[in-house]
Amino acid sequence: MSPHLSVNLVTDLRELLAYHFMVNALLGGSLVALIAAPLGWFMVLRSETFAGHTLSMMAFPGASGAALAGIGAAWGYFFFCLAGALAIGGLSGGRSGEGERSANIGTIQAVALAVGFLFLSLYGGVLSDLEDLLFGNLLGISDGQLITICAVSLCSLGALSIFARPLLFASVDAELAAARGVPVRSLSTLFLIALALAVAAISQITGVLLVFALLVAPAASAQTLSPRPLTSLLLSVLFALVIVWLGLGIAYFSSYPAGFYIASVAFAVYLAARLAALLSERRPRRPRRRDQPSATAPMGGVSR
Amino acid sequence: MFEAEFMRNALLAGTFIALACGLSGYFLVLRGQVFAGDALSHVAFPGALAAAAAGLDERVGLFAVTVLFGALIGALGRRSRARDTTIGIVFTFVLGLGVFFAALLASGAGGGSGIQVAHTLFGSIFGLGHGEALLAGAIALAVVGFTALIARPLLFASIDPAAALARGVPVDMLNIGFLVALGVIAAEATQALGALLLLGLLAAPAGAAHRLTSSPLAGMLLAGALSLLAMWAGLCASYEIPALPPSSAIVLIAASIYLLAGVVAGARRRAARRGAVALAPATLADKIGA
């Protein structure tokens, strides 16, 4: 029954899909990619990577707090993620500079970890398996979990699509948006809440770090490749799907954990995107300089 | 309390690590780079696991990975928007490698013993031996000395890199040197105190100092002092309340100081505004009276 990789990709795929857990993993992973990519795209655009990482870390106090209170871990995840989003949104006022913002978020994350550690010591249990906390268990998704992710992804994506346009405006040029009457501050907190809900739902199956990898890597890759919002948004969804599928596919035929492969494929996609952006930036420059010296290639303009 | 050997060791190591974290944290907050410190505390673990998988001493892997990662972040330069994203991508990959090494160790001939060692490496501050505490103190003191030595040019390079570069300050070398020093303290702090403590001591006391004063020298001294205060108070609180882990106590006290500093700064700002408003009508009235 050991997985066997052959040259024929069709038989490989058929073997892979013969197992219920593998089908669930692919379905769940695809859903995760579909939610994580658009939210991550805005996260990278708004350079809120640290905030996203901090929100994903809320899984630790969430899990240990729920264990202490004797309730389901999901409640703890949702509670602490939302609390984290509100704390980040509330503490980081519109006028706070980059330094203060990073101190705020760092302190919030440190407090969350400290509280989680306190809960754990009060609970008297031992830290659960490192790999499961960090990289979850994509290969053990139940049908019930699949339905939960489906519901949360619909809510989160629905909310995002309602305020996507003003959020894009506020993210690209906050001052101009504020002058035009866009509620920049509320949008920022709303976005963090949507991100927190999605992260809480996803991290239950992907773990703390994989959710972060899926938020940041596809989005950053897409934004280095295209400065157009819609193109790079779609690209990031595509990248996220490819990362999950490839990672899971390789993991099936190997004895090492899926989290490692997904993180590695994500990293490889990012490197490839940076390389491609570098090459295409270099190529059109020479002929263009002859015609019109002022035109510079806007490749990757969004992320810089 | 000071009768206990473990408490004396904890105070010895904690004092110097707190000073080093407060001082480095001051620059991290100034540069908006706290995420880099966070990432460094995360990559320490894979480093130890990789060294164990290669059959090397785990301390070597720990220090090598954090120092390399620090140099890498420093070399990525100052474009902070892209920088945070890149740090995020690289450190998730490094953690993925950590999981790979954990699996490798678990399935290897040595069984789970390598992971066991890696786990014990990330100890509690109350579990330090005398020699370890001395070593931690010495390393932290060296980082404090190094940071103090480069403090002036680093300050210049952090506040106005373009002007610093024009004046011939080696901005890139300073960035890399600072983050390498941070990598050293990250490696030492994660193995002596646990990864949890580092972020709290880097972000909260320095953030509080930035809120309370805009003078660099006062800010650095205050960051170190507040960090020290959190460390000592946290150690004492944890000694008195056994259910409270020392790292949680220290971080929670540091965060309270940070909140308090925010309240004080807010009240001061409001008072200044009110003073300005109160002053204006008075002078106006004086003028009318005169």
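1. Let's start where the chains meet: 42 residues of chain A and 43 residues of chain B make up the contact, where two residues are in contact if their C-beta atoms, placed from the backbone, lie within 7 Å. On the chain A side, the elements that give two or more residues are α3 (49-57), α6 (98-123), α7 (130-135), α11 (184-225) and α13 (258-282). Of these, α6(A) brings the largest share, 16 residues. Sorted by class, that side of chain A has 25 nonpolar, 13 polar and four charged residues. For the classes, Ala, Val, Leu, Ile, Met, Phe, Trp, Tyr, Cys and Pro count as nonpolar, Asp, Glu, Lys and Arg as charged, and the others, Gly among them, as polar.

2. A word on the model before going on. It is predicted, so local features need pLDDT of at least 70 and side-chain atom pairs count only at pLDDT 80 or more, while totals for chains, interfaces and linings use all residues. Residues are numbered from 1 along each chain as its sequence is written, and chains are lettered from A and ligands numbered from 1 in the order in which they are written.

3. Chain A has 14 helices and zero strands; helices (H or I, at least four residues) and strands (E, at least two) are DSSP runs, numbered from the N terminus. Of its 304 residues, 49% count as buried. The cut-offs: buried takes 20 or more other C-beta atoms within 10 Å of the residue's own, exposed 12 or fewer, and partly exposed is in between. Among contacts in chain A with a separation of 6 or more, 75% come from residues 24 or more positions apart.

4. Back to α6(A), which packs on helix α10 (residues 195-212) of chain B at an angle of about 140°, with the axes 8 Å apart. Axes here are lines fitted to C-alpha atoms, for helices over the stretch in contact, and angles run from 0 to 180 degrees between N-to-C directions. That makes the pair oblique: under 35 degrees is roughly parallel, over 145 roughly antiparallel, 65 to 115 roughly perpendicular, and the rest oblique. Residues meeting here include Gly106(A), Ala110(A) and Phe117(A) from α6(A), and Leu199(B), Ala203(B) and His210(B) from α10(B). The contact has eleven nonpolar, seven polar and one charged residues.

5. Within chain B, helix α7 (residues 151-159) and α9(B) pack at about 110°, with axes 10 Å apart, and are therefore roughly perpendicular. Pro153(B), Leu154(B) and Ala157(B) in α7(B) meet Val171(B), Leu174(B) and Phe178(B) in α9(B). This contact has six nonpolar, no polar and no charged residues.

6. Is Phe178(B) buried or exposed? Phe178(B) counts as buried because 25 C-beta neighbours lie inside 10 Å. Leaving out residues up to four places away in sequence, Phe178(B) touches Phe27(B), Gly74(B), Ile150(B) and Leu154(B). By contrast, Gly168(B), in the loop between α8 (161-166) and α9 (171-193) of chain B, is exposed, with 8 other C-beta atoms within 10 Å.

7. Finally, the largest nonpolar core has 195 residues, and those with the most contacts inside it include Leu214(A), Ala266(A) and Ile17(B). Such a core is a set of buried Ala, Val, Leu, Ile, Met, Phe, Trp, Tyr and Cys residues joined through C-beta atoms within 7 Å. The biggest contribution to this core is from α11(A), with 27 residues. Setting aside neighbours within four places in sequence, Leu214(A) is in contact with residues including Val32(A), Ala36(A), Ile243(A) and Ala266(A).
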